[in-house]
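Hi everyone, thanks for coming.

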Amino acid sequence: MLNPLRSEGEMFRLLLYVIVVFAVIIAVILIARAVL
Amino acid sequence: MEAASIAHPPGGGPAEHEHHGPPPAHSSSRVDPQLLGMLLFIISEIMIFGAFFTAYFFIRVAQGDQWPAPGTQLPVYPTLVNTCILISSSFTMHWAQTSIKKGNRFGLKAGILTTFLLGVTFLFLQVNEYANIGFAPQDAAQQTIFYSLTGLHGAHVTIGLILLAIVTIRSWRGHYTPEEHRGVEVPGIYWHFVDIMWIVVYTTVYII
């Protein structure tokens with residue numbers, strides 16, 4: 001299980017997850033604004 | 001404080017050498033002290049940022065004020081470049097960490113120095129943005145919370161840079177080994193946390 005507080009490597013993996021999730025959120029927002 | 005460890009289980013066996021009784025003073029028997037310290041620190045940081053995000057969402061949602069304030073514009077794309085600079089600094093930080101684990105001192109020094117320089121660049125561009133953005137913190141509530149949120153994050157970057165400067169100097173002096181590199185690991189965790197918070201701040205303040 002991912003524990004970002006245990007090591008730098010796991011915190012880096014959490015950062016990668018956050019980048020992916022927020023990239024999707026930003027893309028959805030920009031597409032929604034363009035369409036609506 | 002090892003007096004409690006003399007209690008042996010009846011019959012001896014493999015458990016004979018296990019530690020029994022209360023843990024040493026000021027320690028928990030369940031959570032590793034370093035993990036607990038980092039956990040409490042990160043929780044307190046999340047609460048600080050949470051307080052500022054509460055003020056931000058109060059202005060935008062509860063009060064329903066226009067964002068950004070009428071007549072102002074946020075530099076979305078220049079800040080996106082700055083965001084990429086900060087995120088890339090996490091990759092160089094990770095490079096430094098993996099390098100010292102493998103005993104690669106050049107990788108450690110190059111990675112840490114690059115991380116530090118990328119962080120300085122981010123902070124410099126942030127200050128430059130403040131100087132040219134065209135509004136001041138006291139102009140309106142939106143401006144106040146904009147400077148507060150980004151400034152709070154900037155303060156964290158500054159602290160991270162101080163830590164990175166110390167790690168850089170110690171790297172050049174050869175203080176870290178593949179076996180003992182906690183001095184790189186803990187600032188690395190902090191630096192990634194600062195990056196994660198910036199992604200949240202940037203998305204919330206500049207994009208949404």
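I'll start with some ground rules, then take the two chains in turn, and finish with how they meet.

So, ground rules. This is a predicted model, where local features need pLDDT of at least 70, side-chain atom pairs count only at pLDDT 80 or more, and totals for chains, interfaces and linings use all residues. Residues are numbered from 1 along each chain as its sequence is written, while chains are lettered from A and ligands numbered from 1 in the order in which they are written.

How does the model score? It gets ipTM 0.89 and pTM 0.84. pLDDT, by the way, is the predictor's confidence in each residue, from 0 to 100. Chain B averages 87 on that scale, and 90% of its residues score at least 70. Among its helices, the mean is lowest in α1(B), at 88, and highest in α3(B), at 96. The stretch to be careful with is residues 1-13 of chain B, where pLDDT stays under 50. Where pLDDT is low, the predicted coordinates should not be read in detail.

Now chain A. It has one helix and zero strands; helices (H or I, at least four residues) and strands (E, at least two) are DSSP runs, numbered from the N terminus. The C-alpha atoms of chain A fill a box of roughly 45 × 15 × 10 Å along the principal axes. Does the helix length agree with expectation or disagree? The expected span is 1.5 Å times one less than the number of residues. For the 28 residues of α1(A) that should be 40 Å, and the end C-alpha atoms are 40 Å apart, so it agrees.

What share of chain A is buried? Of its 36 residues, 17% count as buried. Buried here means that 20 or more other C-beta atoms lie within 10 Å of the residue's own; 12 or fewer is exposed, in between is partly exposed, and C-beta atoms are placed from the backbone. In α1(A), the buried ones are A:E8, A:M11, A:F12 and A:L15. Look at that spacing with this in mind: an α-helix has 3.6 residues a turn, so residues three or four places apart point the same way.

On to chain B. It has five helices and zero strands. Its radius of gyration, taken over C-alpha atoms, is 23 Å, well over the 17 Å that the globule rule (2.2 Å times the number of residues to the power 0.38) gives for 208 residues, so chain B is more spread out than a compact globule. The box around its C-alpha atoms is roughly 80 × 45 × 20 Å along the principal axes, and 26% of its 208 residues count as buried.

Then comes a cis peptide bond joining B:W67 and B:P68, with omega about -10°, and B:P68 sits in the loop between α1 and α2 of chain B.

Jump to the loop between α3 and α4 of chain B, and you find B:A140. It counts as partly exposed because it has 19 C-beta neighbours inside 10 Å. B:A140 and B:A69 are 71 residues apart in sequence, yet their C-alpha atoms are 7.6 Å apart in space.

So where do the chains meet? Two residues are in contact if their C-beta atoms, placed from the backbone, lie within 7 Å. The contact takes 14 residues from chain A and 19 residues from chain B. The chain A side has 11 nonpolar, one polar and two charged residues. For those classes, Ala, Val, Leu, Ile, Met, Phe, Trp, Tyr, Cys and Pro count as nonpolar, Asp, Glu, Lys and Arg as charged, and the others, Gly among them, as polar. The buried residues of α1(A) pack against α2 and α5 of chain B.

Last, the core. A nonpolar core is a set of buried Ala, Val, Leu, Ile, Met, Phe, Trp, Tyr and Cys residues joined through C-beta atoms within 7 Å. In the largest one, of 35 residues, those touching the most other members are B:A96, B:I112, B:F193, B:V194 and B:W198. α1 of chain A and α1 to α5 of chain B each supply at least two residues of this core, and the largest share, 12 residues, comes from α5(B). Take B:V194: leaving out residues up to four places away in sequence, it touches B:H156, B:V157 and B:G160.

That's my tour, so over to you.
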